[in-house]
Amino acid sequence: MRPTEDDRLATDDHSDLAWGARALDELTSFSAELADFVRGMADPLTRFDGYGERFAAALTRVRAGEGQWVAGVNVPRCQAVWMKFREDLLSTLGIARGAGQEGR
């Protein structure tokens with residue numbers, strides 16, 4: 001996605017290379033944070049084992065030019081890894097999906 005003045009949910013057409021580079025930098029930073037976070041959780045809660053590695057593997061494919069590994073379909077993309085991790089985390093914490101979203 002690449003927000004515009006008229007559409008904050010506009011699709012990224014990938015024409016702005018600087019925008020894309022910043023997005024990859026953010027994904028790279030997030031990948032490192034996710035790996036650190038799940039490393040500490042994986043010992044007592046084994047279902048969290050592997051999320052960091054799967055996200056990093058998808059990001060490696062993105063950096064190799066395979067853009068569908070960000071949010072494409074039919075591949076274990078960054079977005080899919082994140083969503084599964086989020087669901088596991090919410091379940092572990094006993095938080096219903098969408099809780100706290102009122103008024104947004």
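Predicted model: local features only at pLDDT ≥ 70, side-chain atom pairs only at ≥ 80, totals over all residues.
Reader: What box do the C-alpha atoms fill?

Author: Roughly 45 × 40 × 25 Å, taken along the principal axes.

Reader: Why is Asp88 called buried?

Author: Its relative accessible area is 11%. Buried means under 20%. Asp88 is therefore buried. The residue sits in helix 4.

Reader: What does Asp88 touch?

Author: Arg47, Phe48 and Tyr51, leaving aside residues up to four places away in sequence.

Reader: Why does Ala35 count as buried?

Author: The value is 18% relative accessibility. The cut-off is under 20%. So Ala35 counts as buried. Ala35 belongs to helix 1. Its C-alpha atom is separated by 8.6 Å from that of Gly50, 15 residues apart along the chain.

Reader: Why is Trp19 called partly exposed?

Author: Trp19 has 24% relative accessibility. Buried would need a value under 20%, and exposed one over 50%. A value of 24% falls in between, so Trp19 counts as partly exposed.

Reader: Where is Trp19 found, and what does it touch?

Author: Trp19 is in helix 1. It touches Met1, Arg2, Pro3 and Asp12, with residues up to four places away in sequence not counted.

Reader: How far apart are Trp19 and Asp43 in space?

Author: They are 37 Å apart, C-alpha to C-alpha. In sequence, 24 residues separate them.

Reader: Why does His14 count as exposed?

Author: Its relative accessibility is 60%. Exposed means over 50%. Hence His14 counts as exposed. His14 lies in the segment before helix 1.

Reader: What makes Gly65 exposed?

Author: A relative accessible area of 62%. Gly65 is placed in the loop between helix 2 and helix 3. Between the C-alpha atoms of Gly65 and Cys78 there are 14 Å, at 13 residues apart along the chain.

Reader: Is Asn74 buried or exposed, and how do you know?

Author: Its relative accessible area is 78%. Exposed means over 50%. Asn74 is therefore exposed.

Reader: How much of the protein chain counts as buried?

Author: Of its 104 residues, 24%. The chain exposes about 7,400 Å², and carbon and sulfur atoms supply 54% of that area.

Reader: What makes a set of residues the largest nonpolar core?

Author: The members must be buried nonpolar residues, joined through side-chain atoms within 4.5 Å. The largest such core has 14 residues. Tyr51 and Phe85 have the most contacts inside this core. Helix 1, helix 2 and helix 4 each give two or more residues to this core. Helix 2 supplies the largest share, five residues.

Reader: Which residues does Phe85 touch?

Author: Leu34, Phe37, Val38, Phe48 and Tyr51, again without residues up to four places away in sequence.

Reader: How do you know where empty space is left?

Author: Rolling a probe the size of a water molecule over the atoms shows it. In this model, the largest pocket holds about 870 Å³ of space.

Reader: Which residues line the largest pocket?

Author: There are 25 lining residues. Met1, Asp12, Ala23, Leu27 and Val70 lie nearest the centre of the pocket. By class, the lining divides into 13 nonpolar, six polar and six charged residues.

Reader: Which helices supply the lining of the largest pocket?

Author: Helix 1 (17-42), helix 2 (51-63), helix 3 (68-71) and helix 4 (78-93) each supply at least two residues. Helix 1 gives the largest share, nine residues.

Reader: What share of contacts joins residues 24 or more positions apart?

Author: Such pairs account for 40% of the contacts with a separation of 6 or more.

Notes:
Residues numbered from 1 in each chain as written. Heavy atoms only, no water. 1 Å grid on protein atoms, 1.4 Å probe; cavity = no way out; pocket = protein on both sides within 12 Å on 5 of 7 lines; lining within 4 Å. Points joined across faces, edges and corners; volume = space filled by probe spheres on them. Helix = DSSP H or I, 4+ residues; strand = E, 2+ residues; numbered from the N terminus. Nonpolar A, V, L, I, M, F, W, Y, C, P; charged D, E, K, R; others polar. Buried < 20%, exposed > 50% of the residue type's maximum accessible area, 1.4 Å probe, protein only. Contact = heavy atoms within 4.5 Å. Areas by Shrake-Rupley, 256 points an atom, 1.4 Å probe, with all protein chains shown as cover.
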